[in-house]
Every structure is written in structure tokens, then in C-alpha cells.
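This briefing sets out the local features of one protein model, grouped by topic. Please read it alongside the sequence and the coordinates.

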Amino acid sequence: MSDNTSHAPTVQCPTCGGPSVFEPANAWRPFCSQRCKNIDLGAWAAEEFRMPVQTPPQEAQYGDPRTED
């Protein structure tokens, strides 16, 4: 007797936190749906995901070609 249930791991959807089957049959993996994937894409497009950086002081000359010799 064969069992056709999937043994693929279930991961947490990065957008909604719900369960998402992580296997090739899930076209939106690691997301649970196209909606969650589009929400994440929109957040990237709106630059909501940024690496924290420390702003250099105004008088810092690094990277300003006008002040570099």
C-alpha cells in the first residue's frame, strides 16, 4: 500500500507567518501564496528592507570626489 502524502517540509511564510509547503509544487515558495510573494516584492520595491548604516559626519570627505585628490 503506497501513501501519497507529501513529506516536504513546512516553513513559515516570511510575509504572513502561516505555513508554507517548501517543495517544487509550491510555485511561490517560501511564501504561501502569490499574494504574500507580491507583498514582499512591493516592500523591496519601496526600499522597506534596508541595511542599517551609520551616516558619516557632514564634514567627512569619504566618497565625495570633489574633496578627494
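**Aromatic pair and surface**

W44 is exposed, with a relative accessible area of 53%; exposed means over 50% relative accessible area, buried under 20%, and partly exposed in between (1.4 Å probe, protein chains only). The model is predicted, so local features need pLDDT of at least 70 and side-chain atom pairs count only at pLDDT 80 or more, while totals for chains, interfaces and linings use all residues. Residues are numbered from 1 along each chain as its sequence is written, and side-chain values use heavy atoms, with hydrogens and water left out.

- A search of the whole structure finds 1 aromatic pair. The ring centres of W44 and F49 are 4.8 Å apart and the planes stand at 50 degrees, so this pair is classed as tilted.
- Rings of Phe, Tyr and Trp (its six-membered ring) pair if their centres lie within 6.5 Å; planes under 30 degrees apart count as stacked, over 60 as edge-to-face and the rest as tilted.
- F49, the partner of W44, is partly exposed because its relative accessible area is 42%.

**Overall architecture**

- The protein chain contains 1 helix and 2 strands, and from the N terminus on the order of these elements is β-β-α. Helices (H or I, at least four residues) and strands (E, at least two) are DSSP runs, numbered from the N terminus.
- Of the 69 residues in the protein chain, 13% are buried.
- The protein chain exposes about 6,300 Å², of which carbon and sulfur atoms supply 55%. Accessible areas come from the Shrake-Rupley method with a 1.4 Å probe; for residues, only the protein chains shown count as cover.
- Among contacts with a separation of 6 or more in the protein chain, 4% are between residues 24 or more positions apart. Contact means heavy atoms within 4.5 Å.

**Surroundings of S20**

- S20 belongs to strand 2 (residues 19-21) and counts as buried because its relative accessibility is 1%.
- The side chain of S20 makes a polar contact with the side chain of N26 at 3.1 Å. A polar contact is a pair of N or O atoms within 3.5 Å; within protein, one must be able to donate a hydrogen and the other to accept it, and residues adjacent in sequence count only if both atoms are side-chain atoms.
- A polar atom of the S20 side chain also lies 2.9 Å from the backbone oxygen of F31.
- Neighbours within four places in sequence aside, the contacts of S20 include P9, T10, V11, C13, P30 and C32.
- N26 is located in the loop between strand 2 and helix 1 and is buried, at 11% relative accessibility. Not counting residues up to four places away in sequence, N26 touches S20, V21 and F31.

**Segment before strand 1**

- A8 is placed in the segment before strand 1 (10-12). Its C-alpha atom is separated by 5.9 Å from that of E23, 15 residues apart along the chain.
- Residues up to four places away in sequence not counted, A8 touches V21, F22 and E23.

**Cysteines**

- The structure holds 0 disulfides, a disulfide being a pair of cysteine sulfur atoms within 2.5 Å.
- C13 is in no disulfide, and the nearest cysteine sulfur, that of C36, is 3.8 Å away. C36 is likewise in no disulfide, and for C36 the nearest cysteine sulfur is that of C32, 3.7 Å away.
- C13 counts as buried at 2% relative accessibility, and C36 counts as buried at 2%.

**Salt bridge**

- What does a search of the whole structure find in the way of salt bridges? The search finds 1 salt bridge, in which the side chains of R50 and E47 meet (2.7 Å, N to O).
- A salt bridge is a side-chain nitrogen of Lys or Arg within 4 Å of a carboxyl oxygen of Asp or Glu.
- R50 is exposed, with a relative accessible area of 61%, whereas E47 is partly exposed at 46%.

**Backbone geometry**

- Most residues other than glycine have a negative phi, and most peptide bonds are trans.
- Phi of E47 is near 60 degrees, a positive value in a residue other than glycine. E47 is situated in the segment after helix 1.
- The peptide bond from R29 to P30 is cis, with omega near 10 degrees. P30 is found in the loop between strand 2 and helix 1 (34-45).
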